[in-house]
Amino acid sequence: MRERQARTRLSHIEALEDVALLAIHGTPRRSIAEIADLAESEVRQLLREAERNGMLGGAAFEETPEMIVLRTVVRHGDRRQMVDRLVEHRYKFGASDLPPAEGGAPGTWSQVCDALLRRWLSDAEARQISLAVQQVSKSASNVDRARDHPQ
């Protein structure tokens, strides 16, 4: 069941990326629907979601923690390599506790938490990632403090 949910979510994200890329390149909505083999209403929904997620600005898409986890789960990838990549990822933490509809931005760290809740990550994997990210955050805070308050 977990793998099926992961496969469904990954398919949605990949469709979202495909539709966004086609839209960025000026492809008309009807053509996007034909190319992606989707109904125009689905394309419209995906484009709205892509706009909300800031995917239509033309910037390159970066692989999110969620995508790293999903691709590993769906493709039965190397879990150690997944953890290493998640440890090295530069996380964005939520801008606020507000829901996105009210201006909140969940950040990318919430994707790791969600993957744990959905059991796509084991407790041990999540703990390893969390400890590494905490160490990086502490180091960054010390650098910021030193820069802001020189001796």
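**Reading the helices**

Guide: Begin with the buried residues of α1: Ala 6, Leu 10, Ile 13, Leu 16, Glu 17, Val 19 and Ala 20. Buried means under 20% relative accessible area, exposed over 50%, partly exposed in between (1.4 Å probe, protein chains only). An α-helix has 3.6 residues a turn, so residues three or four places apart point the same way. This is a predicted model: local features need pLDDT of at least 70, side-chain atom pairs count only at pLDDT 80 or more, and totals for chains, interfaces and linings use all residues. Residues are numbered from 1 along each chain as its sequence is written, and side-chain values use heavy atoms, without hydrogens and water.

Visitor: What do the buried residues of α1 pack against?

Guide: They pack against α2 (29–36), α3 (40–52) and α4. Contact means heavy atoms within 4.5 Å.

Visitor: How many helices and strands does the chain have?

Guide: Helices (H or I, at least four residues) and strands (E, at least two) are DSSP runs, numbered from the N terminus. Here there are 7 helices and 0 strands.

Visitor: Why is α4 largely enclosed by the rest of the structure?

Guide: Count its buried residues. In α4 (residues 65–74), 10 of the 10 residues are buried, so the helix is largely enclosed. Among them are Glu 66 and Arg 71. The buried residues of α4 pack against α1 (2–24), α5 (79–88) and α6 (109–117).

Visitor: What is the phi of the residues that follow these helices?

Guide: Just after α1, Gly 26 has a positive phi of about 85°. After α4 comes His 76, with a positive phi near 50°.
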